[in-house]
Amino acid sequence: MLHEKSCGAIVYRKFHGNIEILLIKHVNSGHWSFPKGHMEGDETEIETAKREIKEETGLDVILDHTFRETVSYSPRRDTQKIVVYFLAAARQYNYVPQEEEIAEIRWVDILRANNLLTYENDKTIVNRARAAIKQHKGIL
């Protein structure tokens with residue numbers, strides 16, 4: 001059995017008094033999720049998450065390593081994949097999609113994100129992220 005590990009984040013901003021999160025639509029699969037990608041070399045989880053967010057969206061973020069959620073699934077019959085998600089506050093809001101991998105990017109009100117997200121695991125993480133963001137009022 002092969003084991004893969006990816007890291008990413010639920011990137012958020014405060015916009016007109018609401019919390020919005022950044023969702024990406026993948027070119028290959030067409031599903032909506034969060035920025036993430038495979039760990040490289042001896043990177044830490046946090047380094048991977050920041051690098052992948054920057055590569056996929058062009059955004060710099062402030063990563064909250066106290067919020068750490070994992071999802072485990074089998075993308076193929078012989079492969080087990082773990083994805084680690086952090087919470088991240090966007091330093092700026094103008095994104096630039098990575099053309100090879102990202103079909104579309106949107107800032108979405110956190111209360112409406114579940115309408116767009118493809119997977120139930122991601123919807124669960126958004127609910128946990130919303131609670132954590134409420135506790136971190138001063139991060140933005």
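**Entry 1, ground rules.** I am working with a predicted model, in which local features need pLDDT of at least 70 and side-chain atom pairs count only at pLDDT 80 or more, while totals for chains, interfaces and linings use all residues. Residues are numbered from 1 along each chain as its sequence is written, and side-chain values use heavy atoms, with hydrogens and water left out.

I took helices (H or I, at least four residues) and strands (E, at least two) as DSSP runs, numbered from the N terminus, and I counted two strands as paired if DSSP finds at least two bridges between them. I began with β2, residues 18-26, where 7 of the 9 residues are buried; buried here means under 20% relative accessible area, exposed means over 50%, and partly exposed lies in between, with a 1.4 Å probe and protein chains only.

Which strands does β2 pair with? I looked up β1 (residues 2-15), which pairs with β2 in the antiparallel sense over 4 bridges, and found Arg 13 bridged to Glu 20 of β2. I then turned to β7 (residues 102-109), which runs antiparallel to β2 and is joined to it by 7 bridges; here Glu 20 has Asp 109 as its bridge partner in β7. Strand β3 (residues 32-33) is also antiparallel to β2, with 2 bridges between them, and Ile 24 stands opposite Ser 33 of β3. The hairpin of β2 and β3 has 5 residues between the strands, and in it Gly 30 takes a positive phi near 75 degrees.

His 16 is not a glycine, yet its phi is positive, at about 50 degrees. I noted this because most residues other than glycine have a negative phi. Is His 16 buried or exposed? I found it exposed, with a relative accessible area of 71%.

Strands β5 and β6 form a hairpin with 2 residues between them, and they run antiparallel, joined by 11 bridges. Within this pairing I picked out Arg 68, which stands opposite Phe 86 in β6.

A nonpolar core is a set of buried Ala, Val, Leu, Ile, Met, Phe, Trp, Tyr and Cys residues joined through side-chain atoms within 4.5 Å. The largest has 22 residues, and Ile 10, Ile 21, Leu 23, Phe 34 and Leu 87 have the most contacts inside it. Two or more of its residues come from each of β1, β2, β5 (61-76), β6 (79-90) and α2 (120-135), and α2 gives the largest share, 5 residues. A second, separate core of 17 residues includes Ala 9, Ala 49, Ile 53 and Trp 107.

For contacts I used heavy atoms within 4.5 Å. Leaving aside neighbours within four places in sequence, the residues in contact with Leu 87 include Ile 10, Tyr 12, Phe 67, Ala 129 and Ile 133.

Ile 105 is found in β7 and is buried, with a relative accessible area of 5%. Not counting residues up to four places away in sequence, Ile 105 touches, among others, Leu 22, Leu 23, Ile 24, Glu 56 and Tyr 95.

Arg 51, in helix α1, is buried as well, with a relative accessible area of 16%. With residues up to four places away in sequence not counted, Arg 51 touches His 38, Met 39, Glu 40 and Glu 43.

**Entry 7, the largest pocket.** I used a 1 Å grid over the protein atoms alone, on which a pocket is an open set of points where a 1.4 Å probe fits, with protein on both sides within 12 Å along at least five of seven lines, and lining residues have an atom within 4 Å of a point. About 580 Å³ of space lies in the largest pocket. Of its 23 lining residues, His 26, His 31, Lys 36, Tyr 73 and Lys 81 are the closest to its centre. At least two lining residues come from each of β4 (36-38), α1 (45-57), β5, β6 and α2.

Methods: Points joined across faces, edges and corners; volume = space filled by probe spheres on them.
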